[in-house]
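Please examine the sequence and the model before reading each solution.

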Amino acid sequence: MVVKKEKQYIAALDLGTNTFNLVIAKNSTPFTLVLRMEKGVFLGKGGLAAKKIVPEAVERAQKVLSEYSNILSNYELSQVKCVATEAIRNANNAPEVLRHLEIDAPYMVETIPGEREAELVYKGVKSAGILNDENCLIMDIGGGSVEFIIGNRKSVLWKKSFKIGISRALEMFPLSDPPIEEEIKKHYSFFKENLQELSPYIEQFKIKTLIGTAGSFDSWRKMIGDQDRSNPTSQLNIKDLKASIKNINSISAQKRATINGMEEMRIETIVPAGILVTYLLDYFNFESVFQCSYSLSEGVLWELINE
């Protein structure tokens, strides 16, 4: 549900499986971000396979939403939209969970399907100005699902949400600390087996460019040396990206925590995320890889302004 007032700011909340994101922007065309926050909630932790959100996760979510609500109260907001993704749409106890969450978030939470999530990711990336006439593959790595979109600046050509999120993978195939080679191979095989549908579309639309949104890609951008946050997009050197992933997968969580640019909330999940990206780089031989900080939340902002 969208709450409307005649005020100068708009906001979007993305209640993801691993993180809750808040973005606030000036109500203008194009929108101008004034605040972005991301908090690790791990809403799906311990319950993805059982299709249940556990009480501890609800408590973490309530705490973050209460913090976000306090921040939002400081802005004159014309529109606010709050969306929930895979963890909540996957949970059998979602109605009960939403009742609790809406106590702390004074806005109705809209649970969106995977295809809708992919659409919003595309609109977020488009709003960053990175797309051109060339077809590209956009990916959004989530905890419960991963969204893939093939498109260009004009339109979406194909999109799909796959239930292969990195928290789901970790729940199915736990990793040692540091991970051992056999465990890494299990994750690699899991992604390979579940992404067979992607291959013919990569070939059909002649995809040479991969754009990874937010999350792990933001961390890789910082870890391989690009600390400038003034631009929402950055080209990643493929050789450096592969080297970073290989290093991360070979060391303990304690050592990963010391890497410049590594966020605490991604110390564990960055490993399966890296295995997934390694598979894509191995199998599809992309010529270029870009990071885009804009994703689902910015897609919501774009719609609030333009639709």
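**Exercise 1: A helix and its surroundings**

Task: Determine which residues of helix α11 are buried, and what this implies for the helix as a whole.

Solution. The buried residues of α11 are I270, V271, P272, A273, G274, I275, L276, V277, Y279, L280, L281 and F284. The model examined here is a predicted one. A residue counts as buried when its relative accessible area is under 20%. By this criterion 12 of the 15 residues of α11 are buried, so the helix is largely enclosed by the rest of the structure.

**Exercise 2: The length of α11**

Solution. Directly after the helix comes N285, which has a positive phi of about 55 degrees.

**Exercise 3: A residue in a strand**

Task: Decide whether T213 is buried or exposed, and identify its contacts.

Solution. First, locate the residue: T213 belongs to strand β10, which comprises residues 209-213. Next, consider its accessibility: the relative value is 2%, so T213 counts as buried. Then set aside the neighbours within four places in sequence; T213 is in contact with V121, V125, I138, M139, D140, C292, Y294 and S295. Finally, the side chains of T213 and S295 are joined by a polar contact of 3.1 Å.

**Exercise 4: A residue in a helix**

Task: Carry out the corresponding analysis for S244, stating where it lies and which residues it contacts.

Solution. S244 is part of helix α9, residues 238-248. Its relative accessibility is 12%, and S244 therefore counts as buried. Beyond neighbours within four places in sequence, S244 is in contact with W220, M223 and I224.

**Exercise 5: The chain as a whole**

Solution. The chain contains 12 helices and 12 strands. Along the principal axes, the C-alpha atoms fill a box of roughly 55 × 45 × 35 Å. Of the 307 residues, 57% count as buried. Among contacts with a separation of 6 or more, 70% are between residues 24 or more positions apart.

Methods. Residues numbered from 1 in each chain as written. Predicted model: local features only at pLDDT ≥ 70, side-chain atom pairs only at ≥ 80, totals over all residues. Heavy atoms only, no water. Buried < 20%, exposed > 50% of the residue type's maximum accessible area, 1.4 Å probe, protein only. Helix = DSSP H or I, 4+ residues; strand = E, 2+ residues; numbered from the N terminus. Polar contact = N/O pair within 3.5 Å; in protein donor to acceptor, adjacent residues only side chain to side chain. Contact = heavy atoms within 4.5 Å.
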